[in-house]
Amino acid sequence: GELRKVVERADVILQVLDARDPLGTLSTAVEEMVTSDHRKKLVYVLNKADLVPKEVLVEWLTYLRKSHPTVPFKCNTQQQKGNLSVGSGKVAKQAS
């Protein structure tokens, strides 16, 4: 299917894992597809790294890096509170 086409055309595949459950969000099918071609590289992106205790994150990074390069990624890199509106959803008219 489409995933296989993407993997065939790519040199590097980023597999996004949830830091709260990395093994539960890891796709062995994607991993097998990528690693079956020795020219392709698989990199894990450990998303939501800010939602787990630091010591847990370090343990997961150590474990996952034994098989593939792994980078932590914070799901929230900015304060969203100020960017979100709790208004009516209507767009205000601008003064002419």
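Reply: Happy to! Let's begin with T70, which counts as buried because its relative accessibility is 3%. Buried means under 20% relative accessible area, exposed means over 50%, and partly exposed is in between, with a 1.4 Å probe and protein chains only.

Before going on, a word on the model: it is predicted, so local features need pLDDT of at least 70 and side-chain atom pairs count only at pLDDT 80 or more, while totals for chains, interfaces and linings use all residues. Residues are numbered from 1 along each chain as its sequence is written, and side-chain values use heavy atoms, leaving out hydrogens and water.

Back to our residue. T70 belongs to strand β3, residues 70-73. Strands (E, at least two residues) and helices (H or I, at least four) are DSSP runs, numbered from the N terminus. A polar atom of the T70 side chain lies 3.0 Å from the backbone oxygen of H68. Setting aside residues up to four places away in sequence, T70 touches Y44, L46, L61, L64 and R65; touching, or contact, means heavy atoms within 4.5 Å.

Y44 and L46 are among the residues that touch the most other members of the largest nonpolar core, which has 17 residues. At least two core residues come from each of β1 (12-18), α3 (28-35), β2 (41-47) and α4 (54-64). In soluble globular proteins, nonpolar side chains tend to be buried together.

L17 shows how these pieces meet. Leaving aside neighbours within four places in sequence, L17 is in contact with P22, T25, L26, Y44, V45, L46, N47 and L64.

Now step back to the whole chain. The protein chain has four helices and three strands, in the pattern α-β-α-α-β-α-β along the sequence. Buried residues make up 29% of its 96 residues. Among contacts between residues at least 6 apart in sequence, 69% join residues at least 24 apart.

Definitions and conventions
A nonpolar core is a set of buried Ala, Val, Leu, Ile, Met, Phe, Trp, Tyr and Cys residues joined through side-chain atoms within 4.5 Å. A polar contact is a pair of N or O atoms within 3.5 Å; within protein, one must be able to donate a hydrogen and the other to accept it, and residues adjacent in sequence count only if both atoms are side-chain atoms.
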